[in-house]
Amino acid sequence: MSKHKNAVNLRKQVAPYEKPSTKNSVTQLINTLVPFILLWYLAYESLPISYFLALPLTIIGAGFLTRIFIIFHDCCHHSFFRNRKANKIVGTMTGVLTLFPYHQWQHEHNIHHATSGNLNKRGTGDIWIMTVDEYLAASFWRRIAYRLYRNPIIMFGLGPIYVFLITNRFNRKGARFKERINLYITNLSIAALAALLCWTVGWEAFLLVQGPIFFVSGVAGIWLFYVQHQFEDSYFEHDEEWDYVKAAIDGSSYYKLPKVLQWLTGNIGFHHIHHLSPRVPNYNLEDVHRIDSTFQNVQTITLTSSLRSLGFRLWDEESRTFISFKGIQKVKSKKNKVNAYLKSV
């Protein structure tokens, strides 16, 4: 998409879909929270029979917890309800269930939206991405740290534990009073809810049920956030060339999922629409996708093709694509040949 092509027109087309529907939002709360609570209870009741009966229920429950996170996510964008206070209340409550502090995550995620694809403004609310030149110029230990960070076992195995249980429990540097209080309230509420459930069902049963729900939903959440900006021909530019609309349309994928998974993930697969206008509620994203061919002709990935992103490690500014760590040797060799030629001229 050329710079600013149809940008004004696209925003006008999207505008009517930015208005939340109280009926749809309340319906979504009911059809998400009620099944989640029911699945949690059924998994608990299945424990005396067999854990192999309880485990599938927890995995389905994890899908519903992922959907709860999408509600939390919409509240952070003030797109779930028209009333900002209602968004804050529901956002804080769903943040307790998903282990995310409302105001802190809202702050970091808004920065992500404002800087996605901007090479000069990386580092807040996004996945760590190094360019080829940055990697080649980095120290040995920084390269090791980056390789560890990008290792799928660490990113998707330890990532949920580190982000959800550790970093989300502490205020960021420079957090304002309102944000700090919200985090304290969230932490106390999480502790109180966990204590209540441990007292009611026992700590062993609590861990056996909540553990898989937490881990599977955590992996799913990080995967969704990762894969929707980490595709082969994504969009990254330096500040002077960066464009918001291009970053949204060209730098965010359409993750075409089976209908059941699309529903459980709250339509977040229509990520290009969400980045173009975060004020569109999740239940309107698919409708927006259908109204203009520009939205339909974006980078589309599927469950199968998205697995290739696990091999993407570095952004090559020259070829404007992601490459693997193995691919960097070819790039380095090419650069050396070019430099040698320039010196000989």
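1. Ile-37 is exposed, with a relative accessible area of 57%, where exposed stands for over 50%, buried for under 20% and partly exposed for values in between, computed with a 1.4 Å probe on protein chains only. Ile-37 sits in helix 2, and its C-alpha lies 15 Å from that of Ser-217, a residue 180 positions away in sequence. Helices here are DSSP runs of H or I with at least four residues, numbered from the N terminus.

2. The model is predicted, so that local features need pLDDT of at least 70 and side-chain atom pairs count only at pLDDT 80 or more, while totals for chains, interfaces and linings use all residues. Residues are numbered from 1 along each chain as its sequence is written, and side-chain values use heavy atoms, with hydrogens and water left out.

3. Helix 8 (residues 152-166) packs against helix 10 (residues 203-227) at an angle of about 100°, the axes being 9 Å apart; axes are lines fitted to C-alpha atoms over the stretch in contact, and angles run from 0 to 180 degrees between N-to-C directions. That makes helix 8 roughly perpendicular to helix 10, a label covering 65 to 115 degrees.

4. The largest pocket holds about 1,200 Å³ of space; a pocket is an open set of points on a 1 Å grid over the protein atoms alone, where a 1.4 Å probe fits, with protein on both sides within 12 Å along at least five of seven lines, and lining residues have an atom within 4 Å of a point. Its lining numbers 47 residues, with Asp-126, Ile-127, Val-163, Ile-222 and Phe-225 nearest the centre. Helix 10 contributes the most to this lining, nine residues, and the classes are 25 nonpolar, 18 polar and four charged.

5. The second largest pocket has a volume of about 660 Å³, and of its 26 lining residues Phe-36, Leu-97, Leu-193, Leu-197 and Gln-210 are the closest to its centre. Helix 2 provides the largest share of that lining, seven residues, and the lining divides into 22 nonpolar, four polar and no charged residues.

Notes. Helices (H or I, at least four residues) and strands (E, at least two) are DSSP runs, numbered from the N terminus. Angles under 35 degrees count as roughly parallel, over 145 as roughly antiparallel, 65 to 115 as roughly perpendicular and the rest as oblique. Grid points are joined across faces, edges and corners, and a volume is the space filled by probe spheres set on the points. Ala, Val, Leu, Ile, Met, Phe, Trp, Tyr, Cys and Pro count as nonpolar, Asp, Glu, Lys and Arg as charged, and the others, Gly among them, as polar.
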